[in-house]
Amino acid sequence: MAIELAPLPLPPTADASKFRDFGREVKGVDPGNLSPADFGQIEELLYKHDALLFRNADLSPEQQYALTKAFDPASESYGHGNNKTESTKKSILHPDLKTIPRVPQVQLIGNGIVYDHEGLAEAKLKHPSHHTFHKTQVSPEDEAAGATRFYRWHIDAALYKLAPPKVTTLYGITVPQGAPQVCRYDDGTGDELPVPLGTTAFVSGRTMFDILPPELKSLAVRARVRYAPHPYVWMAPASALSTGLGIETEDKELALSDLPEWSEEDVKVFPVLWKNPVTGELHFQVHPAGAQELLVDPLPAGASREGALFPDGAHLKDLKEVRGLLYKMQRPAIAPSLVYPHDWREKDLVLFHNRGVLHSVVGAFKPDQVRAFHQCNLAASSDPVGPSAEDVAKWA
Ligand SMILES: [Fe+2]
């Protein structure tokens with residue numbers, strides 16, 4: 001059977017004109033047993049469409065690992081490494097990850113208590129909640145009435161020492177049914193988004209760049225982000241914005257001298273824009289919570305200086321300024337009309353281009369709402385590629 005494609009089921013809130021290229025459901029192939037030729041097609045489709053959905057997939061942890069690794073055969077270990085640093089109690093990622101013993105690159109995530117699961121006698125899972133991460137909270141009354149938040153917009157990446165995974169695979173095994181919720185932005189805009197319970201929300205990094213005005217496109221194409229060493233430990237004492245898109249600047253981050261041992265050569269400096277290996281388009285890929293500094297190149301020779309930001313370049317180290325600029329560039333792309341909230345069904349397999357989208361956990365489960373997902377991503381064999389000289393000449 002040949003590979004067939006169908007559009008993803010967009011919610012009525014989505015601006016369909018902005019999702020023409022985003023996301024496809026793939027039918028007619030078994031994602032756990034792809035021939036090399038089929039995999040070649042799937043790989044190309046992933047980079048063209050950024051998210052692929054397979055319904056009714058049967059996928060063992062071994063098959064999920066093999067499928068994920070096929071996108072980067074030289075990759076080997078989980079995207080956050082061996083979890084030694086990330087599993088220190090100080091890291092904000094600590095409670096969210098349980099490893100499948102047989103296939104340590106595959107993580108069990110979800111909510112509630114899962115018994116006798118792939119070699120785990122009992123796993124206590126906790127769906128991450130904005131209550132433990134945001135500075136302000138949805139009140140218990142509003143939450144009971146269905147209000148919720150985006151937890152944290154992010155890229156799956158250690159952002160220190162390891163290269164960001166190319167693809168993440170998410171496989172829904174147990175999916176609790178429950179009333180839809182309303183995701184509130186609570187940032188004074190009045191924005192809100194009706195969402196299925198426990199959705200994973202996606203936005204396109206390509207749209208994030210595409211909708212920027214020229215002066216911010218010029219800034220983005222010239223800018224690089226320096227991430228904090230051990231960013232998830234560094235940010236642990238800090239609190240997030242109500243949109244989940246970055247951190248409040250309150251000087252709560254750990255001092256660099258209080259972090260686990262780190263070295264300058266392992267600190268990550270990534271371009272703001274990452275070049276799609278198939279389409280050549282630019283995706284705005286910044287993990288705002290981990291960003292510490294911005295380095296801006298001067299305008300290239302011949303570019304117009306009129307209205308340009310930092311025409312002579314800059315090295316911004318003030319956290320408030322760095323975060324403010326990133327927020328200004330990223331917030332437009334998480335508008336309700338630009339978010340794809342996936343409505344999970346059991347046996348859904350979603351592959352997403354981790355170097356082309358941002359995503360967020362959303363919502364809150366009750367303790368008895370049991371959910372079990374398998375997640376896999378692998379630290380890539382190389383770092384993402386930024387804009388070419390032609391891109392800079394075009395957009396600066
Ligand atoms: Fe993630």
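Colleague: How should I read the exposure of Asp 38, and how many other C-beta atoms lie within 10 Å?

Modeller: This is a predicted model, and the idea is to count neighbours, since a residue is buried with 20 or more other C-beta atoms within 10 Å and exposed with 12 or fewer. Asp 38 has 18 such atoms within 10 Å, and therefore counts as partly exposed. Asp 38 belongs to helix α1, and, leaving aside residues up to four places away in sequence, Asp 38 touches Ile 3 and Val 29. The C-alpha atoms of Asp 38 and Ala 2 are 8.6 Å apart in space, although 36 residues separate the two in sequence.

Colleague: Which class does Lys 320 fall into by such a count, buried or exposed?

Modeller: Lys 320 has 12 C-beta neighbours inside 10 Å, so this residue counts as exposed. Lys 320 sits in helix α7, which covers residues 319-330, and its C-alpha atom is separated by 9.6 Å from that of Gln 292, a residue 28 places apart along the chain.

Colleague: Which residues of α1 are buried, and why do they line one face of the helix?

Modeller: The general idea is that an α-helix has 3.6 residues a turn, so residues three or four places apart point the same way. In α1 the buried residues are Ile 42, Leu 46 and His 49; viewed down the helix axis they fall within an arc of 90°, and so they line one face. These buried residues pack against β2 (24-27), β3 (51-54), β8 (167-174) and β19 (349-353), whereas Pro 36, Ala 37 and Gly 40, on the other side of α1, are exposed.

Colleague: How do I read a sheet, and in what order do the strands of the one containing β11 stand?

Modeller: The sheet is open, with 3 strands in the order β18-β11-β20 and antiparallel pairing. Strands β18 (340-342) and β20 (357-361) are at the edges with a single partner strand each, so one side of each has no neighbour in the sheet. Ignoring direction, neighbouring strands are turned by 25° against each other on average. Strand β11 (residues 200-204) is joined to β18 by 3 bridges and to β20 by 5. Ala 201 has Pro 341 as its bridge partner in β18 and Ser 360 in β20, while Phe 202 stands opposite Tyr 340 in β18.

Colleague: Which residues point each way from β11?

Modeller: In a regular strand the side chains alternate between the two faces of the sheet. From β11, Thr 200, Phe 202 and Ser 204 point one way and Ala 201 and Val 203 the other. Since 5 of the 5 residues are buried, β11 is largely enclosed by the rest of the structure.

Colleague: Which members of the largest nonpolar core touch the most other members?

Modeller: Of its 93 residues, those are Ala 51, Leu 52, Val 203, Ala 220, Leu 273 and Phe 284. With residues up to four places away in sequence not counted, Ala 220 touches Phe 209, Leu 212, Val 272, Leu 273, Phe 284 and Met 329.

Note on methods. Residues are numbered from 1 along each chain as its sequence is written. This is a predicted model: local features need pLDDT of at least 70, side-chain atom pairs count only at pLDDT 80 or more; totals for chains, interfaces and linings use all residues. Two strands pair if DSSP finds at least two bridges between them. Helices (H or I, at least four residues) and strands (E, at least two) are DSSP runs, numbered from the N terminus. Axes are lines fitted to C-alpha atoms, for helices over the stretch in contact, and angles run from 0 to 180 degrees between N-to-C directions. The arc is that of the directions from the helix axis to the C-beta atoms. Two residues are in contact if their C-beta atoms, placed from the backbone, lie within 7 Å. A nonpolar core is a set of buried Ala, Val, Leu, Ile, Met, Phe, Trp, Tyr and Cys residues joined through C-beta atoms within 7 Å.
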